[in-house]
Structures are given as structure tokens and as C-alpha cells.
Amino acid sequence: MALAQPEPGGMLAGRTDQRTDPRSGPLRGTLATTACMETLQVGYLHAVAAAAGCSLSQPFPDNGIDWHVSHGAPEHVIDDEVTIKVQLKATYQIPPRPAGPTFGFTLDNEHLVKLARSPVAVHKILVVMLVPRERDQWLSAGHDRLDLRHCCYWTNLAGHPVTGRRRTTVRIPTTRIFDDRALCEIMTRVGSGGTP
């Protein structure tokens with residue numbers, strides 16, 4: 001049996017398909033957009049953790065926190081490995097590069113209470129990813145890079161009050177871009193006995 005070889009663009013030689021028609025784009029799966037957003041933000045977290053030299057684990061069963069991120073370094077004062085808990089959220093309702101020093105993000109009060117608890121044995125941060133509304137704009141790849149759009153921002157909500165009846169809007173600083181350097185700095189502060 002002879003196997004057809006894929007073309008550089010991914011299609012088999014001689015085959016035409018509406019899924020690659022530039023007017024309609026590739027045929028994407030029917031998975032709900034919110035589920036795809038969750039997967040995208042997990043990919044972002046994995047990339048940041050890899051570049052920062054951190055390990056990841058998922059609590060099972062999930063108790064309202066998505067990930068545990070651990071960072072080992074002999075320079076840490078309190079232990080040679082420190083851990084933070086990370087809650088991921090994503091939205092396409094906020095445009096990229098939000099204007100001003102913060103943008104608002106609404107959380108269910110029950111979830112905010114969990115993230116705002118203080119003091120804690122293991123610090124928690126909220127990471128919010130802003131994504132384009134259309135999935136075909138989420139990423140682009142080239143020979144030298146893979147770009148994920150748009151950006152993740154982080155905040156520590158320890159001590160944040162509940163102000164709404166069922167939901168509370170929290171302010172996320174636009175200066176706190178969540179990347180490998182930010183994660184290393186967070187872990188350095190936690191490793192010296194401080195807060196994220």
C-alpha cells in the first residue's frame with residue numbers, strides 16, 4: 001500500500017478540501033469555545049513554567065484551584081523548593097493591551113473567598129488570559145516562533161473583600177504580565193518568606 005505524502009501546507013498531494021479554503025479557514029472541531037480557552041491558557045502556563053524551570057501538578061480531585069507550580073533553587077530561604085497555587089481564567093470580553101493601570105475581572109464570590117484567604121500556608125495567584133474572540137486568531141506559527149495571543153496577567157488577591165451579592169469585580173494590574181521572568185520573581189519572593 002502506497003501512502004500519499006503531505007504537502008508543505010499539510011494537505012495530501014492532489015487533494016482539495018474546503019477546510020483549507022482561505023475564505024473559510026480550516027475546519028475546526030466543535031468543542032465549545034470556553035473549553036478551548038481553558039486548553040489555550042493551560043498551554044500558556046506550561047510554556048511559562050518550562051521557561052522558568054518550574055514543575056507543574058494538578059490537584060486531584062480539583063478543589064477550586066487549577067495548578068500547583070513548584071520552583072526549586074538552593075537560594076530559597078524557607079525551603080529548597082517552593083510552591084504556589086494558580087487559578088486560571090480566560091476572557092475574550094476585554095480587548096488586548098487594556099488601557100489604564102488595571103482592568104476589571106468578575107469572579108463568583110465563592111471563588112474569590114478561596115483566592116482571598118489570608119494568611120495561607122501556600123500562596124495563591126489568579127492568572128487571567130485575554131484572548132481574541134475568534135479562535136483562528138489565537139496563535140500563529142512560523143519557522144522560528146509560536147505566538148500565543150493575547151496575554152496573561154496575574155494578581156495576588158489575598159485579603160481582597162467580597163463586595164457584590166453573588167459576584168465581585170477585582171482589578172488586575174496591567175503591569176503584571178505573566179511570563180517566565182514574572183514567575184521567577186514571584187517564586188524568589190515566596191522563597192524568601194514573602195508574598196507573590
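Modeller: A residue is called buried when its relative accessible area is under 20%, exposed when it is over 50%, and partly exposed in between (1.4 Å probe, protein chains only). This is a predicted model, in which local features need pLDDT of at least 70, side-chain atom pairs count only at pLDDT 80 or more, and totals for chains, interfaces and linings use all residues. Residues are numbered from 1 along each chain as its sequence is written, and side-chain values use heavy atoms, with hydrogens and water left out.

Colleague: Why is Cys151 called buried?

Modeller: Cys151 has a relative accessible area of 13%. That value is below the limit, so Cys151 is buried. In the protein chain, 34% of the 196 residues are buried.

Colleague: Which side chain makes a polar contact with the side chain of Asp147?

Modeller: That of Arg145, at 3.0 Å. A polar contact is a pair of N or O atoms within 3.5 Å; within protein, one must be able to donate a hydrogen and the other to accept it, and residues adjacent in sequence count only if both atoms are side-chain atoms.

Colleague: How many disulfides does the count come to?

Modeller: The count is zero, where a disulfide is a pair of cysteine sulfur atoms within 2.5 Å. For Cys54, the closest cysteine sulfur is in Cys184, 6.0 Å away, which is too far for a bond. Cys151 is in no disulfide either, with the nearest cysteine sulfur, in Cys152, at 6.6 Å.

Colleague: Why is the pair of Phe103 and Tyr153 called edge-to-face?

Modeller: Rings of Phe, Tyr and Trp (its six-membered ring) pair if their centres lie within 6.5 Å; planes under 30 degrees apart count as stacked, over 60 as edge-to-face and the rest as tilted. The count comes to one aromatic pair. The ring centres of Phe103 and Tyr153 are 5.4 Å apart and their planes lie at 75°, so the pair is edge-to-face. It links distant parts of the chain, with Phe103 in strand S4 (residues 102-108) and Tyr153 in strand S8 (residues 151-155), 50 residues apart. Both Phe103 and Tyr153 are buried.

Colleague: Why does Thr174 count as buried, and which residues does Thr174 touch?

Modeller: Thr174 has 16% relative accessibility, under the limit, so Thr174 counts as buried. Contact means heavy atoms within 4.5 Å. Not counting residues up to four places away in sequence, Thr174 touches Pro98, Gly100, Pro101, Thr102, Phe103 and Tyr153. A polar atom of the Thr174 side chain lies 3.0 Å from the backbone oxygen of Gly100. Thr174 itself is in the loop between strand S9 (167-173) and helix H3 (180-191).

Colleague: Which residues touch the most other members of the largest nonpolar core?

Modeller: Ile84, Phe178 and Leu183 do, out of 44 residues. Eight residues, the largest share of this core, come from helix H1 (residues 33-52). A nonpolar core is a set of buried Ala, Val, Leu, Ile, Met, Phe, Trp, Tyr and Cys residues joined through side-chain atoms within 4.5 Å. Beyond four places in sequence, the contacts of Leu183 include Val48, Cys54, Ile84 and Phe178.

Technical notes
Helix = DSSP H or I, 4+ residues; strand = E, 2+ residues; numbered from the N terminus.
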